[in-house]
Amino acid sequence: MKLYLIPTILAPDTQMQVLPPHVFEAVKQIDAYFVEELRTGRRCIGMLRTGKVIDSLEFAILDKKSNEIAVETQLKAWQAAGKDVGVMSEAGCPGVADPGAMAVKIAHKLGIEVCPLVGPSSILLAMMASGMNGQSFTFHGYLPIEKDEKKTALKSLERISFEKNQSQIFIETPY
């Protein structure tokens, strides 16, 4: 059994341009998936045109509200059935600023091989296009939502950036 970390596209209808062939091949052999949102997970698999009937696949939700016990129970059930499992984010690479990290942690604990697949990462794409120091950078995930806390965090990141000549990467959502 293997746990595949399946990258998903960042922009609509770009799967053929940005996903390498081995991603399509891996998805063809997977029958069970952890997804953040069922509708978008099913849509993504459909866009990959694997020839599988979507209704024949098994899905479990793995989002920020998921708990380790439920994820481990589901993973153990799929392991007992000998199923390869895919983990898909809403966009980009699972496990980075993403609840998929929980499934990876549990897979390691259960001795399941983890197979990260290459695909688009908004974090690395932003670093590559920034012109900033790509030799030394730190990824911080999401900034605080509260305005004053966010302001404090940004000032701290700016200070670190100047002191260490280090790029500071974080994620900000439109909402």
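Which side chain does Glu72 meet in a salt bridge? Hi everyone, let's take that one together. Glu72 pairs with Lys76, at 3.3 Å from N to O. By salt bridge I mean a side-chain nitrogen of Lys or Arg within 4 Å of a carboxyl oxygen of Asp or Glu.

Before going on, a word on the source: this is a predicted model, where local features need pLDDT of at least 70, side-chain atom pairs count only at pLDDT 80 or more, and totals for chains, interfaces and linings use all residues. Residues are numbered from 1 along each chain as its sequence is written, and side-chain values use heavy atoms, with hydrogens and water left out.

Back to our pair. Both residues sit in helix H4 (residues 68-80), 4 residues apart, which is about one turn of the helix. Helices here are DSSP runs of H or I with at least four residues, strands are runs of E with at least two, and both are numbered from the N terminus. Glu72 counts as buried because its relative accessible area is 13%, while Lys76, at 41%, is partly exposed. The cut-offs are under 20% for buried, over 50% for exposed, and partly exposed in between, with a 1.4 Å probe and protein chains only.

Across the whole structure, the search finds 9 salt bridges. One of them joins Lys52 and Asp31, whose closest N and O atoms are 2.4 Å apart. Lys52 is in the loop between helix H3 (38-47) and strand S3 (58-61), and Asp31 is in the loop between helix H2 (21-29) and strand S2 (32-35), so this pair ties together parts 21 residues apart in sequence. Lys52 is partly exposed at 23%, and so is Asp31 at 31%.

Next, Glu172 and Lys150 form a salt bridge at 2.8 Å, N to O. This one links distant parts of the chain: Glu172 is in the segment after strand S7 (167-171), and Lys150 is in helix H7 (residues 147-164), 22 residues away. There is also a network, in which salt bridges with shared partners join Glu72, Lys76 and Lys109.

Last stop, the nonpolar surface. Leu10, Leu124, Leu125, Met128 and Phe137 make a patch of about 490 Å². Patch residues have over 30% relative accessible area and no salt bridge; like charges are joined within 9 Å, and nonpolar side chains (Val, Leu, Ile, Met, Phe, Trp, Tyr) within 5 Å. Areas come from the Shrake-Rupley method with a 1.4 Å probe, and for residues only the protein chains shown count as cover. Helix H6 (residues 122-130) gives the largest share, 3 residues. Leu124 lies in that helix and is partly exposed at 45%. Thanks, all!
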